[in-house]
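Here's a walk through a sheet and the helices around it. Have the model open and follow along.

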Amino acid sequence: MSVTTPRGFRASGVAAGLKASGASDVALVVNDGPDAGVAAVFTANRVKAAPVLWTQQVVRGGVVRAVVLNSGGANACTGPAGFQDTHATAEHAAAALTAASPRLMLGAGDVAVCSTGLIGERLPMQKLLPGVRAAIRGLSRDGGPAAAEAIMTTDTRPKTTVARGSGWTVGGMAKGAGMLAPALATMLCVLTTDAVAGPEALDAALREACRVTFDRIDSDGCMSTNDTVLLLASGASGIAPTPAELTAAVTAAAHDLAQQLVADAEGATKQIAVDVVGAASEDDAVEVGRSVARNNLVKTALFGNDPNWGRILAAVGTTTAAFEPDAVDVAVNGVWVCRSGAAAEDRSKVDLTGRDVTIRIDLHAGDAEATIWTNDLSHAYVHENSAYST
C-alpha cells in the first residue's frame, strides 16, 4: 500500500541530516514510464513556498519524471535564494538520475520538488544534495513505505494508500498533522497510477477528488504555504480507464489519505465528521460544516466530552447559508439534542467517550449535503504548537 504499488514507480527514503533527530528526511519518487503525465493542486495561500512556485512551473509542461521531497525545512519565505535552492535541487536530481539511468534523460524541468517543515529558514544544501544522491542509490519498487516515513514532520505515523481499478492501480502517500485547512489540507501528497491517462484527464480526476476530500478536512483552520498534491501516471498497465473510473479511484485514494490526516491531527483525541444535510446548495452545506469544524468553542467542548449543541447552533448562525434558525435540527452521535432550533433530547444521552464523533445538522432548506472532517482542540495541540520552532 504505497506510491510504488502501481507499476512503473520506484521510491526511497533516506536520512540526510536535515532533522536534528537523525530520522529520515529525504524522499524520492521516480516514474519509469512509459508515460510521465502529471497533474497537481497547490495551496491557495498567497504566501507560497519556493518548491510550490517551482513545481507549479514544472507541472504546466504536463510531464514529471521524478519528485524530490524533504522534511526538516519548508523552504518558505526564503526569497530568491530559496527558489534557487529548489532549482538547484531539481537540477542535481535530474543529473544524478540521468547518470544512474541514462534512458531517463532528465532535465530540471522534469523534476518536481516538495518541502515541509519550519517556515523562514533556508535548507542546508550541503546536506540535502548528498541526501538526494543517497535516495537515488536507494530507489526500489519496495521503497514506498520508506518514502512515506521520510516526509513526516509532526506526524506520528506514515500515511499510505492503494485503490484498485480493473487491471490498474492508484497508490499514494501523504504527510500532515497540523496546518490542515482547505486548499489543500494536506501539506504534501503524492498519488501514482499505472493507468494510461494524459495530463487533462489526470487534472480533471485530481481536482474532483480534492474537492470532496482534502478540501473538506479542516483540522485547525490554518492554511499552509507548502500544500501540494501530485498525481503521476506511468501508463505501465496499458489500460486506459474511463474518466469516471479514474476519478473514482483517485477519489478513493485521496479520501483514505485525508481520513488518515485527520486521525493523526496534532493532539487530537476526537475524529469528528460534521454532516450537513437539507441545505439549499452544496456550497451552503460546506460553509455551514466548515464554520462548525473551525469553531474553537465546539472543538474544546468535544475535547471535554461535552455535547454543547448551543455552540454548534451559534456557529451555524455565523454563515451566509439559507436557513431559518427555528427550523434547524442538530444531532450529536445520533442523539437529536436540538429540534427546530431549541432543546430536544436530553444531552446526557450523548456518548462521547469514544474517539469518533458525528455531528449532523439538518437545515431543512433544500436537498444538498456535504461533510467536513475535523478534530477536537486539546491541551496537547496547544503545547505542541507553542514550542514548534524551539
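Predicted model: local features only at pLDDT ≥ 70, side-chain atom pairs only at ≥ 80, totals over all residues.

Now turn to β4 itself, residues 66-70. How many of its residues are buried? The count is 5 of 5, so to speak a strand that is mostly covered. In a regular strand, side chains alternate between the two faces of the sheet. Here Ala66, Val68 and Asn70 point one way from β4, while Val67 and Leu69 point the other way, and all are buried.

On to strand β2 (residues 26-31), which pairs with β4 in the antiparallel sense over 5 bridges. There, Val29 stands opposite Val67 of β4.

Zoom out, and you have an open sheet of 4 strands in the order β1-β2-β4-β5, with mixed pairing. β1 (9-14) and β5 stand at the edges with a single partner strand each, so one side of each has no neighbour in the sheet. On average, neighbouring strands are turned by 10° against each other, direction ignored.

At the β1 end, β1 and β2 pair antiparallel over 6 bridges, and Phe9 has Asn31 in β2 as its bridge partner. As for the helices, α2 lies across β2, β4 and β5, running at about 130° to β5. Helix α3 (residues 125-137) also packs on the sheet, touching β1, β2 and β4, and its direction makes about 45° with that of β2.

Notes:
Residues numbered from 1 in each chain as written. Heavy atoms only, no water. Buried < 20%, exposed > 50% of the residue type's maximum accessible area, 1.4 Å probe, protein only. Helix = DSSP H or I, 4+ residues; strand = E, 2+ residues; numbered from the N terminus. Pairing = 2+ DSSP bridges. Axes fitted to C-alpha atoms, helices over the stretch in contact; angles between N-to-C directions. Contact = heavy atoms within 4.5 Å.
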